[in-house]
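Here are my notes on this model, in the order I would read them with the viewer open. Have a look and keep the display handy while you go through the points.

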Amino acid sequence: MSAAAGSVVAQPSAREAPGILVVDELEVQFATERGWATVVDDVSFSLAAGETLGLVGESGSGKSVTCLAVMGLIPSPPGRVARGSIVLDGVELVGLPKRRLEYIRGNDVAMIFQEPMTSLNPAFTVGDQIAETVRRHQKVGRRKAMARAVEMLGTVGIPNPGRRAGSYPHEFSGGMRQRVMIAMALSCEPKVLIADEPTTALDVTIQAQVIELLRSTLADFGMSLLLVTHDLGVVADLCDRVLVMYAGQLVEESEIHALYSRPEHPYTSALLEAMPQIGARSGRLASIPGITPAPWAMPRGCRFHPRCGYAQPKCTERPIALLDIGSGRKSRCIRVDEIELGGVE
């Protein structure tokens with residue numbers, strides 16, 4: 001049974017939930033000409049060991065910034081983690097000394113960045129770049145590190161890995177460069193892997209190959225995955241649970257199948273409506289009117305209400321908490337008991 005409209009159900013802090021990665025009340029700000037702008041606001045979630053968790057939303061919703069905060073890569077200046085906690089396998093990362101954080105980053109948590117061509121150094125071979133990661137974190141010699149690099153290139157399906165380790169990034173296709181990034185991220189066998197839009201700019205065939213590679217490597221290495229994407233189709237194919245993010249806030253949390261069959265926030269429903277579906281509808285593809293608000297111009301009350309077809313005056317009166325609506329689901333909508341939103345098959 002859902003919570004009564006407008007009420008906030010007491011719920012345990014994310015810190016109390018079991019998980020290898022626990023983010024609690026995270027707030028990230030950036031300095032602007034208008035002062036400090038909050039781009040990630042009160043974000044809490046837990047990632048269990050061996051779980052694949054999707055983080056979805058439009059561009060500008062705060063997904064990548066959340067991940068950079070977890071990695072300790074928020075540039076300062078102009079950014080800062082203003083509030084909150086990030087605990088990885090029992091270790092608090094916020095405020096951790098730089099040297100200790102650098103050891104954990106890459107060794108215990110690793111990240112696949114959005115664009116492999118800009119993430120790889122064009123002046124060094126891919127083998128040298130993977131080997132550098134291994135040497136930095138595993139304290140092994142150059143020869144062993146290069147052997148590990150070749151091994152990982154083979155693991156991610158690059159043909160003739162011994163020879164290709166001596167190639168430069170520009171000698172690889174987009175899909176192969178993404179495989180190199182995955183090999184680099186996996187080289188130290190981290191406990192948590194963050195993949196930030198790993199299939200962006202790849203054609204659908206290569207996307208499918210990358211998804212299958214992630215699926216198989218997660219099983220082989222026993223890692224947890226935080227998958228960041230705007231593609232709900234990718235999420236459905238790979239994830240156990242999903243977090244939906246809008247304007248810097250989490251607006252819905254759900255087990256994957258429940259989210260698709262019955263979304264509990266109008267923004268999630270709108271994202272599902274905008275998915276291309278063969279034979280599901282005729283006419284023009286649905287779209288969400290308007291744009292994501294700027295961090296310094298957030299609407300009063302529900303941040304989605306200017307774009308929401310279900311909005312009422314009460315949606316604008318005060319900030320809305322992420323409500324626990326039962327069955328492991330949460331929604332940031334005070335009309336969750338009043339409206340029935342359509343899902344997809």
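1. Start with the largest cavity: 14 residues line it, and P266, C302, C308, C315 and C333 are the ones nearest its centre. A cavity here is a set of points, on a 1 Å grid over the protein atoms alone, where a 1.4 Å probe fits but cannot get out, and lining residues have an atom within 4 Å of a point. The space inside comes to about 80 Å³, where volume is the space filled by probe spheres set on the points, with grid points joined across faces, edges and corners. By this rule there is one cavity of 30 Å³ or more. The lining splits into ten nonpolar, two polar and two charged residues; Ala, Val, Leu, Ile, Met, Phe, Trp, Tyr, Cys and Pro count as nonpolar, Asp, Glu, Lys and Arg as charged, and the others, Gly among them, as polar.

2. A word on the ground rules. This is a predicted model, so local features need pLDDT of at least 70 and side-chain atom pairs count only at pLDDT 80 or more, while totals for chains, interfaces and linings use all residues. Residues are numbered from 1 along each chain as its sequence is written, and side-chain values use heavy atoms, with hydrogens and water left out.

3. P266 from the cavity lining also turns up in helix α11 (residues 266-273), where seven of the eight residues are buried, so the helix is largely enclosed by the rest of the structure. Buried means under 20% relative accessible area, exposed over 50%, and partly exposed in between (1.4 Å probe, protein chains only). Helices (H or I, at least four residues) and strands (E, at least two) are DSSP runs numbered from the N terminus. The buried residues are P266, Y267, T268, S269, A270, L271 and L272. What covers them includes α9 (232-238), β9 (241-246), β10 (249-255) and α10 (256-261).

4. Y246 sits in strand β9 and counts as buried because its relative accessibility is 1%. Contact means heavy atoms within 4.5 Å; leaving out residues up to four places away in sequence, Y246 touches E58, S61, V251, Y267, I291, T292, P293, R303, F304 and R307. P263 is in the loop between α10 and α11, and it too is buried, at 1% relative accessibility.

5. Which residues of the largest nonpolar core touch the most other members? They are I112, L153, V180, I182, L193, Y260 and Y267, out of 60 residues. Helix α7 (residues 174-186) gives the most to this core, with seven residues. Such a core is a set of buried Ala, Val, Leu, Ile, Met, Phe, Trp, Tyr and Cys residues joined through side-chain atoms within 4.5 Å. I182 touches I112, V156, V210, L213 and L214, not counting residues up to four places away in sequence. Another core, of 34 residues, lies apart from it, with V23, L101, L226 and M245 among its members.

6. Now the open sheet: four strands in the order β2-β1-β4-β5, paired antiparallel. Strands pair if DSSP finds at least two bridges between them. β1 (residues 21-32) and β4 (residues 79-88) share eight bridges, with V28 opposite V81. β1 and β2 share nine, and Q29 has T38 as its bridge partner in β2. The edges are β2 (35-47) and β5, each pairing on one side only. β4 and β5 form a hairpin with two residues between them, and D89 in the turn has a positive phi of about 50 degrees.

7. Finally, some backbone geometry to check. S76 and P77 are joined by a cis peptide bond, omega about -10 degrees, and the bond from P77 to P78 is cis as well, with omega near 10 degrees. P77 lies in the loop between α1 (63-71) and β4. D42, not a glycine, has a positive phi of about 55 degrees; it lies in strand β2 and is partly exposed at 31% relative accessibility. E189 has phi near 50 degrees, and its place is the loop between α7 and β7 (192-196).

Terms used:
1 Å grid on protein atoms, 1.4 Å probe; cavity = no way out; pocket = protein on both sides within 12 Å on 5 of 7 lines; lining within 4 Å.
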